[in-house]
Amino acid sequence: MILSYIDNPSCLILAVTPANSDLANSDAIQIARSADPDGDRTIGEITKLDIMDRGTNARNFLLGKVIPLRLGYVGVVNRSQEDILMNRSIKDALAAEEEFFHRRPIYSDLADCCGASQFGKKLNKILAQHIKTRLPELKSCISAALASVAKEQTSYGYIAEEKGDMKKQLLNILSKYSKAFLSMIEGRNDDVLTSEIYGGARIHYIFQNIFVKSLEEIDSFKDLTDENIHTAIQNAAGPQSSLYVLEVCTRNK
């Protein structure tokens, strides 16, 4: 389901990966790269930087040295379960996150790609630029679609606006369709195909060749002995003697 969206070249991909997992083999990054091999429209977000194992950091990932992405990475610190239980405000959480990055030399010079605030600004900037880039193409596609629909609409003739006229127009369209279908069945089309059998000729071919052949392949007397047939005739005759089964059928009618 995800691929059905991110395969669209107009789609921006946000690949979110927790820092306490194997960043080099991130599922989010792998899925994103399957749809965007060059990393041109993928944004990487690395979360939970505050709970990485001691002695490890995500600096090289944030700098794009491990898995390069044209739109870059952003690192954030999530609110902990304790913060949620203590009803710590978003404002206080953002302040604590900013302090976390400033207090650690490994991240202090990466202020432009760390923190939820920077992440929001980065996303807004990327989205605005992406819309600006894709809008002309999108406008052309919409214009082409409108022209196609207008052409199809014109082929229906007069476009009714009143409800009564709409019913008449619908009836007229159905009548034209019925006549065209009948012409195709009866072989009265102006354009006669020479590459394949179609219409009424196709129906005739199916009944005369395919259907008849299928009937001939059926063994009507399979698993049916003369004794079975004789017994069936006797049962159909009831208390009277009968030479033919058809006599019973005629009498029942």
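## Briefing: a predicted chain of helices and strands

Phe-211 counts as partly exposed, because its relative accessibility is 41% (buried is under 20%, exposed over 50%, partly exposed in between, with a 1.4 Å probe and protein chains only). The model is predicted: local features need pLDDT of at least 70, side-chain atom pairs count only at pLDDT 80 or more, and totals for chains, interfaces and linings use all residues. Residues are numbered from 1 along each chain as its sequence is written, and side-chain values use heavy atoms, leaving out hydrogens and water.

**Overall build**

- The chain holds 11 helices and 3 strands (DSSP runs numbered from the N terminus: helices are H or I with at least four residues, strands are E with at least two).
- Read from the N terminus, the order of elements is α-β-α-β-α-β-α-α-α-α-α-α-α-α.
- The radius of gyration is 38 Å, while a compact globule of 253 residues would have one near 18 Å (taken over C-alpha atoms; the globule rule is 2.2 Å times the number of residues to the power 0.38).
- Along the principal axes, the C-alpha atoms fill a box of roughly 110 × 60 × 40 Å.
- Of the 253 residues, 22% are buried.
- Among contacts with a separation of 6 or more, 61% join residues 24 or more positions apart (a contact means heavy atoms within 4.5 Å).

**Surface and charge**

- The accessible surface is about 19200 Å² (Shrake-Rupley method, 1.4 Å probe; for residues, only the protein chains shown count as cover).
- Carbon and sulfur atoms own 57% of that surface.
- There are 30 positive and 33 negative side chains (Lys and Arg are positive, Asp and Glu negative; His and the chain ends are not counted).
- The centres of the two charge sets lie 8 Å apart (each charge is placed at NZ of Lys, CZ of Arg, CG of Asp or CD of Glu).

**Aromatic rings**

- The whole structure has 5 aromatic pairs (rings of Phe, Tyr and Trp, with its six-membered ring, pair if their centres lie within 6.5 Å; planes under 30 degrees apart are stacked, over 60 edge-to-face, the rest tilted).
- Phe-207 and Phe-211 are an edge-to-face pair, because their ring centres are 5.7 Å apart and their planes stand at 70°.
- Both sit in helix H9 (residues 199-216), 4 residues apart, about one turn of the helix.
- Phe-207 is partly exposed, with 48% relative accessibility.
- Phe-100, Phe-101 and Tyr-107 make up one aromatic cluster.

- Val-77 lies in the loop between strand E3 (73-75) and helix H4 (81-85).
- Val-77 is buried, at 19% relative accessible area.
- Beyond neighbours within four places in sequence, Val-77 contacts Leu-49, Asp-50, Glu-97, Phe-100 and Phe-101.
- Val-77 and Leu-94 are 17 residues apart in sequence, and their C-alpha atoms are 8.7 Å apart.
- Gly-115 lies in the loop between helix H6 (105-108) and helix H7 (116-155).
- Gly-115 is buried, at 5% relative accessibility.
- Leaving out residues up to four places away in sequence, Gly-115 touches Val-74, Gly-75, Val-76, Glu-97 and Phe-101.

- Thr-47 belongs to strand E2 and is buried, at 9% relative accessible area.
- Not counting residues up to four places away in sequence, Thr-47 touches Val-16, Thr-17, Pro-18, Ala-19, Val-76 and Asn-78.
- Asp-40 lies in the loop between helix H2 (27-35) and E2, and is partly exposed at 35% relative accessibility.
- With residues up to four places away in sequence set aside, Asp-40 touches Arg-70 and Leu-71.
- Asp-40 and Gln-240 are 200 residues apart along the chain, and 91 Å separates their C-alpha atoms.

**Positive phi values**

- Most residues other than glycine have a negative phi.
- Lys-48 is not a glycine, yet has a positive phi of about 60°.
- Lys-48 lies in the loop between strand E2 (42-47) and helix H3 (59-62), and is partly exposed at 35% relative accessibility.
- Asn-87 also has a positive phi, near 55°.
- Asn-87 lies in the loop between H4 and helix H5 (90-103), and is exposed at 68% relative accessible area.
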